[in-house]
Every structure is written in structure tokens, then in C-alpha cells.
Amino acid sequence: MACSATDLAPLLSATVNSTEAATYLCSQFTGISNQLSDTTYAVNNTYLLFSAYLVFAMQLGFAMLCAGSVRAKNTMNIMLTNVLDAAAGGISYYLFGYAFAFGAPSNGFIGRHFFGLNDFPSPDGDYSLFLFQWAFAIAAAGITSGSIAERTQFVAYLIYSSFLTGFVYPVVSHWFWSGDGWGNPAKTSNHLLFGSGAIDFAGSGVVHMVGGIAGLWGALIEGPRIGRFDHNGRSVALRGHSASLVVLGTFMLWFGWYGFNPGSFQMILKSYGGDKAYYGQWTAVGRTAVTTTLAGSTAALTTLFGKRLLSGHWNVIDVCNGLLGGFAAITAGCSVVEPWAAIVCGFVAAWVLIGCNALANKLHYDDPLEAAQLHGGCGMWGLLFTGLFAKETYVNEAYPNKPGRPYGLFMGGGGKLLAAQIIEILVIIGWVSATMGPLFYGLHKLKLLRISSEDEMAGMDMTRHGGFAYAYQDDDDASGKPSIMMKKVDNHANETTPDRKSQAIGV
């Protein structure tokens, strides 16, 4: 709203002191305009902060999921690594990560401003944006920690987590999310990738593939856990100790995903114009939550019946992983696809996860949380899915000011968007492999990566963290002898499945 006393004065010429009257009226309009502008900023920043809180709550989900998926003797270790993913990631992202990711103006490869949040806030970002992006960065680090669980030295967690959140992940997020990034679809210049940029709205590639590929290299270089494969090369299930914690973690992650995907709009108070006053970005936010829900739900049900046909069991752990695979897949295109397409996304994601797990067993690859398969494989499918099913109307709403931009191949938009999505997949695999692979290999050569076989068999809680996560005797028990329950739990923590136990002895 703009008001000029010069314009109003002639209209008030019959009024005494018309200039003063016009000035007064304009000052009132200006005050109202400023209040509306302040309210818009406040609403959008509150929405972004609330979304950041939801994404951060996913750390609790990761912690519970990881704890339930490992054996009881390593619970303390995996919980501590989840805490330090957030803490170490907070410092490294503050010092370097945010600057590398969003430090504009910069080149297309890496940012170069706002180190340590210097000269912040700015027109390019406020503190709420930093918090939101930090929550995404530590999510990528949390994914990696699941792949290398139960056999990794604690110092290795600190090193890789700081490096991933402070450099590796920020560079990828700069490419596809920063205003200067070479693959960002929000750019309006002619220097877009295939005239489109790669649509990765909330990070199937930027977050999930980065974390999954990093975990893949860590697990490959470390090798499988002791007893995971027997002398004949057959797979031996080393089951986690608590399905209850897995389900709790899954629901916490589901809850947090409503900040992860809809929150990536970063603002809610925005009208799309037209003759529908009720239709705006708030509608797109709601639709994104719906597509997220449908993809995860479909993947969970598909996994339930798929695994029932393959194994003969109704397995809640498999269903939880399938659900999360659907979420990881829909994350890229959640804002630009129809709800019915999200069902297709979830259905295929479930089979991608099942197929990746079967391949991992054949290759003797050990990932206690199926993190590389789930986040890497399903994240890759999510990028391809977006290139196939992105709807023209929704693409132009999410990424405006570029008429005629490409959209989904199956929706009549040609193959340019799909080509851009494939490029994103390839560069993420290449970048993460070129950075995290040598890091894990260097840690391995320096004997800083894997714990000793003795510590692994005994469990890291006892050998590295001062005791078990669960206490089964009273503190005032003067005898100091472990209870029968403690002995049972300790034996269960070291056992494999009954039909394979005899084959795992001595491995």
C-alpha cells in the first residue's frame, strides 16, 4: 500500500489545510501497511520456526528407531551418537555449513558468506531459516549413523558427522536449493539445468541420498558385523532388541515429516491470485501434507503384504521401514504431484526397498537400519518419480516466474525435467562418494573406524560407555551380582536367530 500527500491534496481542496489532512491520512495508511507487512513476516517466520521444531523432533524419532534396531548391548552407544549428531552438527553448521549452503551472493558451486552467521540476518535469510536448515543437515547425519551402527568407534562418529554437516551436505544443498545454485529450479535466469533445474522440494536427493550414500560407503569399508553372515555366506538375522522403540521412532518420524515436507515452502501467507480467494500457498501446504501421508501409508501396506508373500510373516519392523521408504521417496515431489500420484510413489518405493534389501543380502552388505537401501534407494526413486509425475500447475506455483518450464514426462511435460533429475542423482552419488568414501577409508587405515572384535562381541555399552543402557538391579543391592534378568538380556543381546545360532558360533 502506497500513499502520497501530493496525490491526495487536490481531492481535499475544499477542506481547510488540505495538505495537512492528506499527510495525516497517508500516515495512517502507511502505518496500516507496515503492520500488515510486519504481520506477514511474523506469520511466515512463525510457520518456518514451527516447521523447524517438527524437523528437529525427528531426531528423537531417529534415536528411538536406532535404539530399537540394535541389540541391547549397544543401546547406550547408538543413543549417544544421535545426541552428538545434533550437537556436533549444530556447531559445524553454524561455523561453516550454512555459509557454504546459502552464503549469497556466490557462485553455482559453493556459498561464501555468513560464516558464523556474520552479517546476519539479511534480506536472504533470518535466524528461523538457519534453524530450519540445520535441522535438515543433522537429519542427513542421523541417516548415516544407522548404517554403521554396532561396530564403529565413537571418535569416527564425531569426525564424519562434523564433516558431513559442515561441508558435504551444504555443498549439495547449495547446488539445488540456494538462489545461486546451478541446479536450483527456483532460478529464473537462462542458466538452468535443461531449462528446468532439478526439483527436489524437500530433499529426497539432497538429504536422503546424501545420508544414504555416505552410510553405504561407511558400511562397505567397515564390513559386516560379526555373525551377520555365516561361514557358508548365508544371511543371519541380528535382530534389534525392541520393536516397541522402532514403532515409537517411526511415529515420531511420521510426525516430524509434516515439518520436513510442508515446511519446505518456508512461508504460508502467500496468495496465488486468480478468482479463488480461498486458494493460495496454504492450500499447497495442505496438499503436500496429504501426498506425504498417502505415499507413506501406501508403502507401509505394500510392504506388509509383499513381505507376507515373501517370508510368510506379518512383520512390524518391515512395515515401519516400508513406511519410511515411502516418505523418503515422496519428499522430492510432494509439492508438485497429485495425491493419486503419491500412491503410485509409495507403492513403487516399497518394492524398491524390498529389492535393495535382497541385493544387499546377496552382496553381503550389512546395514542394521537398512538406511542406505531406504534413504538412498527410495530417495533415488523419489527423484525419478518427480520427473515423471510433476504436474504443470503445481510446478508453476512452487517455482513461479518462468513460463513454459518443463514438468513431468507422464503428465505431458517432455523429458527435460526427468533428465535434470537423473543429473542430480549422478552428481550426488559422485560428490558423496568422492568426499565421504576417502574419509571413511582414511579413518579405517588410521584404525579409527571399527572397534575391536572383543569389544564388538561384548557390546560397546559395557566396553566403551561404562555400562548397559538398562539397569536390572536396584542401586541399593549390596551383593553387586547381576540379576537373572540381566544375564538373560545379556545373552539375548549376543544371540542370533535360533536356526542360525549354531552356524554363527566362532564367526
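This is a short chat about the predicted model shown above.

User: Before we start, what kind of model is this, and how are residues numbered?
Analyst: This is a predicted model, in which local features need pLDDT of at least 70 and side-chain atom pairs count only at pLDDT 80 or more, while totals for chains, interfaces and linings use all residues. Residues are numbered from 1 along each chain as its sequence is written, and side-chain values use heavy atoms, with hydrogens and water left out.

User: How many helices and strands does the chain have?
Analyst: The chain has 17 helices and 0 strands, where helices (H or I, at least four residues) and strands (E, at least two) are DSSP runs numbered from the N terminus.

User: And how much of the chain is buried?
Analyst: Of the 507 residues in the chain, 53% are buried, meaning under 20% relative accessible area, whereas exposed is over 50% and partly exposed lies in between (1.4 Å probe, protein chains only).

User: What about α11, is that helix mostly covered or mostly open?
Analyst: Helix α11 is mostly covered, since 17 of its 19 residues are buried.

User: Which residues touch the most other members of the largest nonpolar core?
Analyst: In that core of 114 residues, they are Tyr93, Tyr98, Tyr169, Val207, Phe260, Val432 and Met436. Helix α4 (residues 127-147) supplies the largest share of this core, 12 residues. A nonpolar core is a set of buried Ala, Val, Leu, Ile, Met, Phe, Trp, Tyr and Cys residues joined through side-chain atoms within 4.5 Å.

User: Which residues does Met436 touch?
Analyst: Leaving out residues up to four places away in sequence, Met436 touches Tyr160, Phe163, Leu164, Val168 and Ala214, with contact meaning heavy atoms within 4.5 Å.

User: Last one: where is Asp230, and what does its side chain reach?
Analyst: Asp230 is in the loop between α6 (204-222) and α7 (243-260), and Asp230 is buried, with a relative accessible area of 7%. Its side chain reaches the backbone nitrogen of Asn232 at 2.8 Å, and the side chain of Asp230 also reaches the backbone nitrogen of Arg234 at 2.8 Å.

Technical notes: A polar contact is a pair of N or O atoms within 3.5 Å; within protein, one must be able to donate a hydrogen and the other to accept it, and residues adjacent in sequence count only if both atoms are side-chain atoms.
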